[in-house]
Amino acid sequence: MPTGAVARLQQAVEGLTPGYFALVMASGIISVGMHLEGFDVLSRLLLVVTGAAFVTLLVLTGWRLVSYRGSVVEDFMDPRRAFGFFTFVAGTNVLGVRLGVAGLPEATAVLLTASGVAWLVLGYVVPWTAVLGPKERPVIAAANGTWFIWVVASQSVAVAAATIEPLFDGARRELALLAVVSWSVGVFLYAATGVLVSMRLTLYEFGPTDLSPPYWVSMGALSITVLAGARIVEMADAPMVAVTRDLIAGLAVVFWAFSSWLIPVLVAAGWWRHVRKRVPLRYEATLWSIVFPLGMYAVAGIYLGRADHLPLVEGVGGVWLWVAFAAWSLVCVAMIRHIVGTVLRSPRQSLPV
């Protein structure tokens, strides 16, 4: 049997959380924001991190699927973890959008194709296995913030399609249709998920340990809905765009306002969890589910402000981008310490996390 670092690596792969692609999502969206604000060197460095994280997680996920298929099946059957698989869809599209910004729309199109297929497959498989599959009832008692990642995945498809729509004349109508349809699906999914998660919060016992970082995705899902709407507003004319542009532009402003309102609520919830209830703040993969919404809120504000000529909204997004980058830096350092302490070092040598 393998021993030492190899055994610890195998153990880490077996227990790899399905939502780890949130690292790609967080790094990629902050890279996009830095590019929009003119910080090109920092944006490129974050792009390198995004690409490296994507490839690494793709390899580790493939390894896990081949060698630890039972663990993967368990995740699909667990309503607390299954929706984390949608981070692959969102992470793929965030990377694709960033590559499109870098002048590689063909790469965006390839990644959109892969993520679109995954979005359709997971969109039917995950609800069936995680919601209808478990024998324990009611399943709603297991609803949590990860369920909003389904919304993020849908809107990421819309963002990627809207990004390349003006550049592919032969597929403009199809890309416009995909962008508007996936945006609309995401809006309805947000409403449904919000109701289910609210019912879980009000009908069942809820303690500080239940208030996990993915609850921030409730804000991130709204923010990417704003970004997708702003990108659709900026798309070249197509029949689907012409009939929905004004509606989507107005709703994007409404969603931005509500996502802004959620931030103090989520900050207060974190203070209650870690200060009042003294839940230790340690590194866990789900912390990237806080960083991504912060970065997405910033980029959504920048895009919305420019698309709808709202300089105040754009200014808020520009300031918030540095909040997101600070959070990214802290979580990145914590992740590196965690990996060194749990995989690269033996238990006697491990660093405190």
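Biologist: What should I know about the numbering and the model before I start?

Modeller: Residues are numbered from 1 along each chain as its sequence is written, and side-chain values use heavy atoms, with hydrogens and water left out. The model is predicted, and local features need pLDDT of at least 70, side-chain atom pairs count only at pLDDT 80 or more, while totals for chains, interfaces and linings use all residues.

Biologist: How many helices and strands does the chain have?

Modeller: Helices (H or I, at least four residues) and strands (E, at least two) are DSSP runs, numbered from the N terminus. Here there are 12 helices and 0 strands. The radius of gyration is taken over C-alpha atoms, and the globule rule is 2.2 Å times the number of residues to the power 0.38. For this chain the radius is 20 Å, close to the 20 Å that the rule gives for 353 residues, so the chain is as compact as a globular protein of that length.

Biologist: What share of the residues is buried?

Modeller: Buried means under 20% relative accessible area, exposed over 50%, and partly exposed in between (1.4 Å probe, protein chains only). Of the 353 residues, 52% count as buried.

Biologist: And how do I read contacts along the sequence?

Modeller: Contact means heavy atoms within 4.5 Å. Among the contacts with a separation of 6 or more, 80% come from residues 24 or more positions apart.

Biologist: Let's pick one residue. Where is S156, and is it buried or exposed?

Modeller: S156 sits in helix α7, residues 149-164. With 2% relative accessibility, S156 counts as buried. Apart from its neighbours within four places in sequence, S156 is in contact with V89, A90, N93 and I224. A polar atom of the S156 side chain also lies 2.7 Å from the backbone oxygen of A153.

Biologist: Where do R278 and H309 lie, and are they buried or exposed?

Modeller: R278 is in the loop between α10 (239-276) and α11 (288-307), and R278 is exposed, with a relative accessible area of 69%. H309 is in the loop between α11 and α12 (311-344). H309 is exposed as well, with a relative accessible area of 67%.

Key. A polar contact is a pair of N or O atoms within 3.5 Å; within protein, one must be able to donate a hydrogen and the other to accept it, and residues adjacent in sequence count only if both atoms are side-chain atoms.
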